[in-house]
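Student: Could we go through this model one question at a time, with each term given its cut-offs when it comes up?

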Amino acid sequence: MMFHFRKNKINMEAIRHLQLPLSEKEARSLKIGEMVTLTGTVFTGRSRFHIRAIEQDILPPVDFREINVFFHAGPVMRQENGQWKIVSIEPTSSIRFERYGAAVVRKLNLRVLIGKTTMGRGTSEALREVGGAHLTKIGICGNQLVPQVKRIRAVYFLEELGKTEATWLFEVEKFGPFFVDMDARGNNYFDRLDKEVNGRLPVISRELGIPGDYKFTSVNPEDESA
């Protein structure tokens with residue numbers, strides 16, 4: 001399988017292996033389109049992590065200089081003989097956290113965010129400032145990631161938030177691969193893809209016989225013209 005823009009191609013076999021914690025220099029060297037894996041420690045979080053971190057200044061006792069990769073996930077966990085086991089760790093959609101994304105990146109000086117989809121301009125600007133990137137999932141299922149977690153180092157806020165919203169620290173090895181969709185230069189793969197697709201729509205419409213003034217049904221409930 002091959003992804004491509006107009007002027008560059010992405011080799012799916014050229015995977016870059018990153019060692020954590022990630023330095024600012026290495027984070028800034030990441031480019032959209034690269035495939036990467038990560039080895040080291042990552043921490044998880046979802047909506048409650050963002051809300052508590054920004055609105056209530058509640059954070060787990062983690063040294064974010066040493067653990068600077070935020071995995072947007074709510075893992076499915078179970079206990080066996082007093083030990084936590086991972087059932088699945090499917091990434092969740094990062095765009096849901098855009099409201100707090102930039103503030104969390106700046107507050108924790110994060111180098112990498114991992115999730116499904118992408119994030120918005122606010123987070124992109126914060127990543128450009130601190131030197132960070134967003135990685136998105138490719139066609140892999142959560143169970144494929146499970147054996148890449150070599151150890152569960154810790155869990156925080158389990159009683160308050162439950163297993164899904166708690167902050168887990170996972171020691172991972174060649175975790176991924178993931179796709180760099182936002183880099184520290186302010187580039188966003190999906191923004192470029194949208195522009196490329198939109199630029200081709202007039203040609204496609206003509207080929208399909210769709211009138212130039214045809215209006216598609218809006219799925220945005222805030223669009224009053226729908």
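Student: In the hairpin of β6 and β7, which residue takes a positive phi?

Tutor: This is a predicted model, in which local features need pLDDT of at least 70 and side-chain atom pairs count only at pLDDT 80 or more, while totals for chains, interfaces and linings use all residues. Residues are numbered from 1 along each chain as its sequence is written, and side-chain values use heavy atoms, with hydrogens and water left out. Strands and helices are DSSP runs numbered from the N terminus (E, at least two residues, for a strand; H or I, at least four, for a helix). Two residues sit between the strands of this hairpin, and the one with a positive phi, near 55 degrees, is N81.

Student: What is the bridge partner of M77 in β7?

Tutor: Strands count as paired if DSSP finds at least two bridges between them, and β6 (residues 76-80) and β7 (residues 83-88) are joined by five bridges in the antiparallel sense. Within β7, the residue that bridges to M77 is I86.

Student: Where is T92 placed, and how far in space is T92 from G74, C-alpha to C-alpha?

Tutor: T92 belongs to the loop that runs between β7 and α3 (98-108). Although 18 residues of sequence separate T92 from G74, their C-alpha atoms lie apart in space by 7.2 Å.

Student: Why does T92 count as buried?

Tutor: Contact means heavy atoms within 4.5 Å, and, leaving aside neighbours within four places in sequence, T92 is in contact with R46, H72, A73, F97, G115 and K116. Buried means under 20% relative accessible area, exposed over 50% and partly exposed in between (1.4 Å probe, protein chains only). T92 therefore counts as buried, because its relative accessibility is 12%.

Student: With the side chain of which residue does the side chain of T92 make a polar contact?

Tutor: A polar contact is a pair of N or O atoms within 3.5 Å; within protein, one must be able to donate a hydrogen and the other to accept it, and sequence-adjacent residues count only if both atoms are side-chain atoms. For the side chain of T92, such a contact of 2.9 Å is made with the side chain of R96.

Student: Is T118 buried or exposed?

Tutor: T118 is found in the loop between β8 (112-115) and α4 (121-130). Beyond its neighbours within four places in sequence, T118 has contacts that include S94, I95, H134, M182 and F190. Because its relative accessible area is 14%, T118 is buried.

Student: What is the length of the polar contact that joins the side chains of T118 and D181?

Tutor: The side chain of T118 makes a polar contact of 3.1 Å with the side chain of N188. The polar contact that joins the side chains of T118 and D181 has a length of 2.5 Å.

Student: Which residue, with a positive phi, follows α2?

Tutor: In α2 the buried residues are F49, H50, R52 and A53, and what covers them includes β4 (35-45), β5 (69-72), α3, α6 and β11 (167-182). After this helix comes a residue whose phi is positive, near 55 degrees, namely D57.

Student: Among contacts in the protein chain between residues at least 6 apart in sequence, what share joins residues at least 24 apart?

Tutor: The protein chain has seven helices and 11 strands, and 45% of its 226 residues are buried. Among contacts between residues at least 6 apart in sequence, the share that joins residues at least 24 apart is 64%.
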